[in-house]
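The sequence and structure come first, and the notes follow.

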Amino acid sequence: MRALVTGAGGFIGYHLVNRLKENGYWVRGVDLKYPEFAETGADHFIIGDLRTPDVCLDLMEGNIDVVFQLAADMGGAGFVFTGDNDAAIMHNSAMINLNMLEACRLKGIKKIFYSSSACIYPEHNQLDPANPICAEESAYPANPDSEYGWEKLFSERLYQAFHRNYGIDIRIARFHNIFGPMGTWQGGREKAPAALCRKVAMADDGGTIEVWGDGQQTRSFLYIDECIDGIMKLMNSSFTKPINIGSEEMVTINQLAQMIIKISGKNISIKHIPGPQGVRGRCSDNQLLKKELNWAPQQPLLEGLKTTYNWIEKQIHALPNKLTK
Ligand code: NAD
């Protein structure tokens, strides 16, 4: 099997390439950049901009059997929820998906995976932190709280339309907060688990870390290895509608911070400051996943956090001049 992974220089793409290689695939990767923290495992890696239609067309050469489309202009709350990057997020990611699907159609690619997001779910179903509603069918009537979510929803529909009208086989995963080693941990695009690991690792024993908002907002977080398991299981299924890939272990951001503080072994207190937060509550609903894939992630959050914390701590020690708190 020959696979194309777009966004292969990013966090999930890097890990997916490695899994595909383990499973015997020949892999072509493409991204604006090489993976930041380790060499790519891809057989062929192209630096290219998917906003350019010709780049997408060229990528499909050489009997590609399957495409995994992970490229997007994205980041954590500090990038997505401030409003400052809305135009770029919508324009860049929509261009990527429009070009990729048209290139697949023109080059006769038979199957494509698309990475959507839990950010597509309506804001009004996620106001109560204790009882967020994120079942797949609750996506409509649509009301995502960010332009990032709206673009993902538009693109989900685009993939479904290409499936309906041109017969391209599709799989669509709605990822819920994926974390783990080799993910962005500083610079403004990092997400909550990595940002909190960095803050805790950099704090002195007896010190303080800052948390955006009151910390009562809830989320679930899925460790990267289980995310890749989910992608592979979805690809091996025949399910073509959007489906959650996430954990059902819901925690508040305060609880997440306390878990990381405990891992560090330090005595650290939390100071709440104003900052972008997103919806009040969100957690994967895995009923459909269990029904369709006969599978759901099992690993406790704490386990993945330990691995991630240790990795970020090592990064901090290795790059002392690049630190930002
Ligand atoms: P990431 O930012 O690490 O990876 C995305 C990659 O896309 C980056 O390496 C980036 O350089 C590349 N890219 C952006 N614009 C490009 C362009 N014009 N041409 C070529 N490459 C381009 O993000 P990730 O965490 O690996 O996420 C992968 C996918 O999963 C994204 O589509 C993201 O929206 C989706 N997703 C991720 C999460 C999560 O928690 N990480 C949650 C929901 C959805």
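**Salt bridges and cysteines**

Arg51 and Asp49 are joined through their side chains by a salt bridge, with N and O 2.5 Å apart; a salt bridge here is a side-chain nitrogen of Lys or Arg within 4 Å of a carboxyl oxygen of Asp or Glu. The model is predicted, so local features need pLDDT of at least 70 and side-chain atom pairs count only at pLDDT 80 or more, while totals for chains, interfaces and linings use all residues. Residues are numbered from 1 along each chain as its sequence is written, and side-chain values use heavy atoms, with hydrogens and water left out.

**Salt bridges**

- Side chains of opposite charge can pair when their charged atoms come close.
- The count of salt bridges comes to 12.
- In the Arg51 pair, Arg51 has a relative accessible area of 32% and is partly exposed; buried means under 20% relative accessible area, exposed over 50%, and partly exposed in between (1.4 Å probe, protein chains only).
- Lys21 pairs with Asp43 in another salt bridge, where the closest N and O atoms are 2.9 Å apart.
- This pair links distant parts of the chain, 22 residues apart: Lys21 lies in helix H1 (residues 11-22), and Asp43 lies in the loop between strand S2 (26-31) and strand S3 (44-47).
- Helices (H or I, at least four residues) and strands (E, at least two) are DSSP runs, numbered from the N terminus.
- Lys21 is partly exposed at 30% relative accessible area, and Asp43 is partly exposed at 39%.
- Arg105 and Glu102 form a salt bridge with an N to O distance of 2.9 Å.
- Both residues sit in helix H4 (residues 86-107), and because they are 3 residues apart, about one helical turn separates them.
- Relative accessibility is 33% for Arg105, which counts as partly exposed, and 29% for Glu102, which counts as partly exposed.

**Cysteines**

- A disulfide is a covalent bond between the sulfur atoms of two cysteines.
- A search of the whole structure finds 0 disulfides, the criterion being a pair of cysteine sulfur atoms within 2.5 Å.
- For Cys119, the closest cysteine sulfur is that of Cys134 at 9.8 Å, which is too far for a bond.
- Cys283 is likewise in no disulfide, and its nearest cysteine sulfur, in Cys134, is 7.3 Å away.
- Cys119 is buried, with 11% relative accessibility.
- Cys283 is buried as well, with 10% relative accessibility.
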